[in-house]
Amino acid sequence: MDLQKQTAPPASELRASDADRDRVADVLGQALAEGRLTADEHAERVERVFGARTVGDLEPLVRDLPGAHRQRATPQYAQAPGRPTAGAIPADPDENVVAVFSSAIRRGRRRAGRRIHAYAVFGSVEIDLSEALFEYQQVVVKAFSVFGSVEVKVPENVSLRGTGGGVLGAFEVDTLDAADPDAPVVFVDGWAVLGSIEARAKRGRSVADILDRVHAKVDRSLRRHLDR
């Protein structure tokens with residue numbers, strides 16, 4: 001039986017990923033900070049970035065900028081840190097989620113704090129960060145389960161790390177590395193005593209605040225430029 005040969009499409013016709021759009025937006029932000037683009041030019045190109053469907057749609061937006069032709073110092077796949085960076089996470093939690101003979105659920109479009117404490121005592125806690133806005137690159141979820149369960153869900157394009165254990169219980173964290181080296185990192189720490197703690201990515205969900213992160217990068221670039 002004859003098999004029909006299938007040729008791969010040119011690189012310019014490949015579908016653009018969120019990482020591709022983020023990279024181009026970063027180049028545009030740097031060009032704005034250096035004075036190579038006016039504010040109007042930058043706004044127009046950023047709008048086209050988020051409307052781009054293919055890699056070929058993105059290339060013309062940075063073809064005339066030197067940042068597009070520099071080699072990236074950071075590899076595409078950079079391993080996330082195993083533990084939070086010293087000083088990045090406060091000692092006090094931004095939020096306590098407690099379930100005692102009950103259930104507690106946190107989900108939806110909301111801002112994720114840097115530290116979340118979860119306590120399940122003969123109850124269940126669900127912390128769903130799949131639609132959260134990540135203002136910080138590192139987030140810690142400290143979980144304690146006694147005859148209960150704590151479940152943590154994260155977007156599939158962040159990094160996920162876990163440190164903990166169980167005493168006649170289960171501690172399971174599905175380690176995940178994001179392709180974007182600047183992606184948020186969620187650390188899940190804790191102990192389960194006759195209970196369970198689980199953390200995993202929620203498939204089909206990704207960080208949705210790309211535009212917020214682009215604006216933050218532009219602000220950082222402008223601040224560096226003004227401080228010189």
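This is a predicted model: local features need pLDDT of at least 70, side-chain atom pairs count only at pLDDT 80 or more; totals for chains, interfaces and linings use all residues.
Student: Which residues make the nonpolar surface patch?

Tutor: The patch is made by V98, V100, F101, F122, F144, V146, F147, V167, L168, W191, V193 and L194. Its area is about 1100 Å².

Student: Which elements give two or more residues to the nonpolar patch?

Tutor: They are β1 (95-100), β7 (138-146) and β11 (185-193). F144, for instance, has its place in strand β7.

Student: Is F144 buried, exposed or partly exposed, and why?

Tutor: Buried means under 20% relative accessible area, and exposed means over 50%. F144 has 31%, so the residue is partly exposed.

Student: Let us turn to the rings. How many aromatic pairs does the structure hold?

Tutor: It holds three aromatic pairs. Take F101 and F122. Their ring centres are 4.9 Å apart and their planes are at 0°. Planes under 30 degrees apart count as stacked, so this pair is stacked.

Student: Which parts does the pair of F101 and F122 tie together?

Tutor: F101 lies in the loop between β1 and β2 (103-106). F122 lies in the loop between β4 (115-121) and β5 (124-128). The pair therefore ties together parts that are 21 residues apart in sequence.

Student: What about the accessibility of F101 and of F122?

Tutor: F101 is exposed, at 64% relative accessible area. F122 counts as partly exposed, at 41%. Both residues also belong to the nonpolar patch.

Student: How is the pair of Y119 and F144 arranged, stacked or edge-to-face?

Tutor: Stacked. The centres are 5.5 Å apart, with 10° between the planes. This pair links distant parts of the chain. Y119 is in strand β4 and F144 is in strand β7, 25 residues apart. Y119 has a relative accessible area of 29%, so it is partly exposed.

Student: Which residues form an aromatic cluster?

Tutor: F101, F122 and F147 form one aromatic cluster.

Student: Where does the charged end of R114 sit?

Tutor: It sits over the ring of Y136, 4.7 Å from the ring centre.

Student: Now the charged pairs. How many salt bridges are there?

Tutor: The idea is a side-chain nitrogen of Lys or Arg within 4 Å of a carboxyl oxygen of Asp or Glu. By this rule the count is twelve. One of them joins R45 and D64, at 3.0 Å from N to O.

Student: Why does the bridge between R45 and D64 tie separate parts together?

Tutor: Because R45 lies in helix α2 (residues 39-49), while D64 lies in the loop between α3 (55-62) and β1. These parts are 19 residues apart in sequence.

Student: Where do R107 and E126 lie?

Tutor: These residues form a salt bridge, with the closest N and O atoms 3.2 Å apart. R107 is in the loop between β2 and β3 (111-112), and E126 is in strand β5. The two are 19 residues apart. E126 counts as buried, at 13% relative accessibility.

Student: What is the N to O distance between E135 and R111?

Tutor: It is 3.3 Å, and the side chains meet in a salt bridge. E135 is in the loop between β6 (133-134) and β7, with R111 in strand β3, 24 residues apart. E135 is partly exposed at 48%, and R111 is partly exposed at 49%.

Student: Which residues are linked in a network of salt bridges?

Tutor: E95, R106 and R110 are linked in such a network.

Key: Residues are numbered from 1 along each chain as its sequence is written. Side-chain values use heavy atoms; hydrogens and water are left out. Patches are made of residues with over 30% relative accessible area and no salt bridge: like charges are joined within 9 Å, nonpolar side chains (Val, Leu, Ile, Met, Phe, Trp, Tyr) within 5 Å. Accessible areas come from the Shrake-Rupley method with a 1.4 Å probe; for residues, only the protein chains shown count as cover. Helices (H or I, at least four residues) and strands (E, at least two) are DSSP runs, numbered from the N terminus. Buried means under 20% relative accessible area, exposed over 50%, partly exposed in between (1.4 Å probe, protein chains only). Rings of Phe, Tyr and Trp (its six-membered ring) pair if their centres lie within 6.5 Å; planes under 30 degrees apart count as stacked, over 60 as edge-to-face and the rest as tilted. A charge sits over a ring if NZ of Lys or CZ of Arg is within 6 Å of the ring centre and within 35 degrees of the ring normal.
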